[in-house]
Amino acid sequence: MPESSIQWLTVRGGGVGLDPASGALVRAQLDPDGREVVHAAGDQGLLRLAVPLPDYGSHYLDVGAHGRPDVALGHDEVSLTYSGLTSAHHSADITVRLELRSAPEGLVVRARVHNGSEAPIPQVAFPQVTGLLAGGHDPDARVSLRASAAGHPPRVEVSGSDETRLRLSRGTVWPLRQLAMRPDDASFLETPLQRYYGYGAFEFSMKWLDFGDPRGGMTLYSRDRRYTAQGLLVERPDRARDEFVLRWIHFPTIEPGATWDSGDYVLVLHEGGWHTGARAFQEFAAEAYPYDAPQHIREALGIRTVWPRIRHAPVNFAIDELPRYAAELADPDLGLAELCVWHWWEKNGLPVVMDPRLGTEEDLRSALSRCRELGVPVSLFVSHHLLRDTDESPDEWKHHNAAGQVVGDDWTYGLDFLPRFRVPFMGTHAMVRGSLLAPGMREAILAEHARLLDLGATSTSWDQYWSWFEPNYGPHVDGRADEEGDRLLDVGRAIHALVRSRDPRGTFSGEMITEQKVPVLDYTWDWRNGADLDEDAPFRYVFPHVRLNANVNEHPRGALLAFADGGLINVMPGQMHSLLLAQCPDLTSTLRRLAALRRRFLRFFCEGQFHHVEGLTVHGGHGRVYAHEGDVLVVLVNPTDQPADVRAGVDPRAWGGAAVSGHPEVVGLDGGHRRGAEHGGYAGTLEPDDLVILLFTAPG
């Protein structure tokens with residue numbers, strides 16, 4: 001489109017160009033050199049609506065293609081009002097108002113949609129940004145996949161110098177590699193050219209994203225505090241072009257006569273990597289979502305998890321043996337805050353039923369009492385977001401898809417299955433999704449957690465503590481179909497308050513953190529390893545004190561990596577076999593040393609800022625950097641089986657700090673002083689599975 005028709009807005013980090021005729025964001029240029037990260041044709045606007053017709057179910061209306069706005073211009077401010085939208089197939093009495101304004105935090109965009117038509121609008125794509133440019137295309141780059149645990153998405157890694165990436169809060173998308181098709185590939189609907197990430201779990205667990213490369217990019221985040229059904233769609237419209245489209249998709253079901261409001265979205269342009277974009281979101285999120293965990297959880301090295309049994313397999317230990325595991329945690333030098341007990345129940349769903357092969361509820365009550373006498377808090381893990389597919393589960397509690405079907409999950413366990421998960425011949429653990437939009441289910445869940453505390457538990461932990469990605473179209477929903485997440489938060493807040501009222505050491509934990517859950521969850525229980533915390537780095541950056549768990553088996557390496565990334569070490573040697581710590585001397589020795597180091601440098605972990613690798617240069621090892629009141633801490637690990645020559649340096653000016661001066665203090669895993677300090681860094685040999693800490697103290 002002609003440059004003369006573009007309306008330019010000066011924003012944080014650069015400038016944004018808008019096509020007033022279509023309502024499309026057509027340019028985005030970075031300061032100071034004018035490098036473009038967006039260059040779009042302008043035929044697609046910032047908002048698109050799904051408007052299904054009886055004979056055209058995928059019919060849509062786009063403000064760029066199907067309407068012309070009334071434009072009001074102000075100083076670094078534009079409002080666009082579309083009074084009706086018309087395609088070749090349909091005219092709809094729908095009013096859309098888009099507002100864009102430059103603010104100190106970035107470009108603030110907002111949409112309001114009033115449905116004056118006679119049919120509901122089931123989906124809104126806003127904001128949608130087309131023409132995102134990619135650079136750094138390396139023809140020799142390679143993609144590798146690592147298998148997921150328990151059905152979770154696989155982790156994707158790219159080797160080579162292909163640097164274009166979409167960074168999400170707990171995952172990375174490599175669009176040049178993952179959204180690719182051969183020129184002769186005629187796959188169904190060209191679906192390899194798109195990925196959809198539902199909000200609230202896995203990769204897209206924070207309403208924030210950053211598209212770009214180490215030279216610079218674009219951050220987009222939401223200030224809307226609702227937890228409604230939504231997700232992110234990333235597409236490559238033309239397999240032959242290195243351009244991409246981002247669409248933030250909502251499922252509000254705007255009824256006739258109703259108005260939908262998107263809330264504020266903020267777009268920030270920046271030089272450098274994604275850390276700058278995360279810092280921009282932190283300015284909003286740190287105040288909006290305060291962390292409220294007990295002090296002993298904030299300070300702890302980790303927790304301990306055990307399995308009395310694995311479902312569909314023989315018992316590991318009877319429930320009256322639980323105090324044996326608790327007794328090991330009573331040693332304060334281990335730094336383990338509480339004991340989490342999985343699979344003590346017979347089956348998922350409500351009510352929660354004690355597994356009779358482990359003992360009786362009175363046996364459980366007695367075991368919990370003895371753990372309390374040892375001074376060890378116990379958290380009972382429960383799974384009731386999935387319901388039993390039997391008459392035990394009321395129909396009105398069940399989650400329905402748009403076709404009116406109950407959504408099922410057939411989960412199995414047991415180390416002797418072939419294959420080990422969702423085996424074709426076993427269906428005894430068939431479940432259906434429950435919905436927190438059912439008021440009776442919410443009340444039953446809260447009552448069950450209260451009963452567990454009455455039995456003697458100090459804490460509770462919620463399996464699958466996330467809202468389903470799709471709306472609940474069941475006939476008995478209590479609210480809009482997309483609002484299960486808000487009800488989930490309501491119940492979580494009530495459990496959190498209940499647990500804390502019974503015992504100040506009580507915690508409420510669960511799977512899948514989001515920014516809204518930061519005030520609710522004291523820590524996470526996810527299937528995440530120490531090596532996986534690198535994928536969580538943006539979340540850790542925005543919320544540096546939130547305890548994201550890292551599962552550790554009997555090998556000490558996982559504990560070292562988890563410590564470096566500030567994770568809450570979830571100690572589970574033997575995994576589901578639940579070995580005692582006495583059987584794992586190497587792990588136990590490592591935990592004692594790491595607990596002492598965490599206490600020694602606690603201010604960096606509990607009060608400081610996690611910077612990931614921002615400003616850090618490391619060769620030959622794994623490194624992470626923290627800052628606190630001008631002081632800088634670097635953790636270096638050799639997570640290999642061979643000695644490694646490691647060199648490291650740090651420049652705090654990358655995040656606006658002062659350059660380090662002099663030589664750091666170098667502390668080894670045993671707490672003693674090590675050699676290797678250099679001006680501004682370190683050079684030395686680390687033995688296999690060894691660790692050193694560099695402390696740079698600001699002058700004065």
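Buried here means under 20% relative accessible area, exposed means over 50%, and partly exposed lies in between (1.4 Å probe, protein chains only). Welcome to a predicted model, where local features need pLDDT of at least 70, side-chain atom pairs count only at pLDDT 80 or more, and totals for chains, interfaces and linings use all residues. Residues are numbered from 1 along each chain as its sequence is written, and side-chain values use heavy atoms, leaving out hydrogens and water. Helices (H or I, at least four residues) and strands (E, at least two) are DSSP runs, numbered from the N terminus.

**Stop one: helix 5**

Select residues 361-373. At 1.5 Å a residue, taken over one less than the number of residues, these 13 residues should span 18 Å, and the end C-alpha atoms of helix 5 agree, being 18 Å apart.

Now colour L364, A367, L368 and C371, the buried residues of helix 5. Viewed down the helix axis, the buried residues fall within an arc of 100° (from the directions of the C-beta atoms from the axis), so they line one face of helix 5. An α-helix has 3.6 residues a turn, so residues three or four places apart point the same way. Turn to the other side of helix 5 and you will find E362 and E373 exposed.

What covers that buried set? Show helix 4 (322-329), strand 25 (378-382) and helix 6 (439-455), which are among the covering elements; contact means heavy atoms within 4.5 Å.

Next, show the open sheet of eight strands, in the order 31-30-29-25-24-23-33-32 with parallel pairing; two strands pair if DSSP finds at least two bridges between them. Strand 31 (523-524) and strand 32 (549-552) stand at the edges with a single partner strand each, so one side of each has no neighbour in the sheet.

Zoom in on strand 23 (residues 302-306) and strand 24 (residues 336-341), a parallel pair with four bridges. Pick G302 and you can look for its bridge partner in strand 24, L336.

Bring back helix 6: this helix lies across strand 25, strand 29 (459-462) and strand 30 (508-510), at about 140° to strand 29. Axes are lines fitted to C-alpha atoms, for helices over the stretch in contact, and angles run from 0 to 180 degrees between N-to-C directions.

**Stop three: R236**

Finally, select R236, in the loop between strand 19 (230-235) and strand 20 (243-250). Is R236 buried or exposed? At 5% relative accessibility, R236 counts as buried. Leaving aside neighbours within four places in sequence, the contacts of R236 include P175, L176, L193 and D242.
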